[in-house]
Amino acid sequence: MTQRTRRLDELLRQEIGELLAREVADPRVGFVTVTEVETAPDLRHARVWVSVIGDPTERDATLEALQHAMVYVRRELGHRLRLKRIPELHIRLDDSAERGTRVLRLLSELEAGNEVDGLVDETLPTPVPRIGREGDAPEPAASDAPAQPDEPTRRPKAVARRSHTGPRRSGGRGHPEGRRR
């Protein structure tokens with residue numbers, strides 16, 4: 001990502017946030033925060049990451065309303081910004097704050113010694129030790145001596161081609177002695 005793209009992303013984030021807060025009057029749009037904007041390298045498309053407070057049905061309604069409002073927002077950006085092309089804006093839900101809050105809650109429950117419920121339907125994989133299967137390569141034993149580093153591989157010497165720096169063998173023009181025999 002270039003410095004110009006980063007500056008444009010930040011400018012779009014600020015302007016879209018301001019437009020949504022002050023000028024979009026759709027009642028379905030609740031409390032929305034524009035967390036990030038990612039512009040494509042060709043500046044034709046931009047993902048607008050938003051954080052929405054509310055239950056899942058309110059979030060869905062807000063996202064739908066925001067997608068409809070992006071036509072207006074894009075037009076207003078065209079009036080406010082001096083850009084050759086205003087990118088098409090695509091709304092994406094940023095749920096990182098929710099996930100962070102959930103992780104903090106789980107950690108505090110684990111530190112308190114409480115049993116954590118609801119971990120069966122996880123969306124993220126839980127790391128587990130790998131179970132060996134038939135056909136796997138054997139793992140080296142801890143008592144084995146450390147392996148010696150291999151000798152560095154040597155490339156074969158390149159065969160140098162001789163460039164013809166002496167007189168031409170065929171003689172001809174430009175050679176003072178003519179043809180050599």
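This is a predicted model: local features need pLDDT of at least 70, side-chain atom pairs count only at pLDDT 80 or more; totals for chains, interfaces and linings use all residues.

**Entry 1: layout**

I went through the elements next. The protein has 3 helices and 3 strands. Starting at the N terminus, I read them off as α-β-β-α-β-α. I also checked how far along the chain the contacts reach. Taking contacts with a separation of 6 or more, 55% are between residues 24 or more positions apart.

**Entry 2: H1 against H2**

How do helix H1 and helix H2 pack, and at what angle? H1 covers residues 3–22 and H2 covers residues 56–80; I get an angle of about 115°, with the axes 10 Å apart. The crossing of H1 past H2 is right-handed. On the H1 side, the contact is made by Leu12, Glu15, Ile16, Glu18, Leu19 and Leu20. H2 brings Leu66, Met70, Val73, Glu76, Leu77 and Arg80. Sorted by class, I have 8 nonpolar and 4 charged residues in this contact, and no polar ones.

**Entry 3: the core**

Which residues have the most contacts inside the largest nonpolar core? I noted Ile16, Leu20, Val48, Val50, Val73, Leu77 and Leu89, in a core of 26 residues. Two or more residues each come from H1, strand E1 (32–39), strand E2 (45–52), H2 and strand E3 (88–93). H2 gives the most, with 7 residues.

I then zoomed in on Leu20. Setting aside neighbours within four places in sequence, Leu20 is in contact with Val32, Val34, Leu66, Met70 and Val73.

Val34 sits in strand E1. Its relative accessible area is 7%, so Val34 is buried. Not counting residues up to four places away in sequence, Val34 touches Arg13, Ile16, Gly17, Leu20, Val48, Trp49 and Val50. I also took one C-alpha distance here: Val34 and Ala21 are 13 residues apart along the chain, and their C-alpha atoms are separated by 10.0 Å.

**Entry 4: charged pairs**

How many salt bridges does the structure hold? I count 8. I wrote up three of the pairs.

- Glu10 with Arg13: the closest N and O atoms are 2.6 Å apart. Both residues lie in helix H1, 3 residues apart, about one turn of the helix. Glu10 is at 33% relative accessibility, so I put it down as partly exposed. Arg13, at 26%, is partly exposed too.
- Glu18 with Arg80: these side chains meet in a salt bridge at 3.4 Å, N to O. Glu18 belongs to helix H1 and Arg80 to helix H2, so this pair ties together parts that are 62 residues apart in sequence. Glu18 counts as partly exposed at 33% relative accessibility, and Arg80 is partly exposed at 32%.
- Glu38 with Arg47: the closest N and O atoms are 3.4 Å apart. Glu38 has a relative accessible area of 28%, which makes it partly exposed. Arg47 is partly exposed as well, at 41%.

Glu15, Glu18 and Arg80 had already turned up in the H1 and H2 contact.

Last stop was Leu43, in the loop between E1 and E2. What is its phi? I get a value near 65°, which is positive in a residue other than glycine. Is Leu43 buried or exposed? With the cut-off for buried at under 20% relative accessible area, Leu43 is buried, because its value is 16%.

Methods. Residues are numbered from 1 along each chain as its sequence is written. Side-chain values use heavy atoms; hydrogens and water are left out. Axes are lines fitted to C-alpha atoms, for helices over the stretch in contact, and angles run from 0 to 180 degrees between N-to-C directions. Helices (H or I, at least four residues) and strands (E, at least two) are DSSP runs, numbered from the N terminus. A crossing is left-handed if the near helix is turned anticlockwise from the far one by less than a right angle, and right-handed if clockwise. Contact means heavy atoms within 4.5 Å. Ala, Val, Leu, Ile, Met, Phe, Trp, Tyr, Cys and Pro count as nonpolar, Asp, Glu, Lys and Arg as charged, and the others, Gly among them, as polar. A nonpolar core is a set of buried Ala, Val, Leu, Ile, Met, Phe, Trp, Tyr and Cys residues joined through side-chain atoms within 4.5 Å. Buried means under 20% relative accessible area, exposed over 50%, partly exposed in between (1.4 Å probe, protein chains only). A salt bridge is a side-chain nitrogen of Lys or Arg within 4 Å of a carboxyl oxygen of Asp or Glu.
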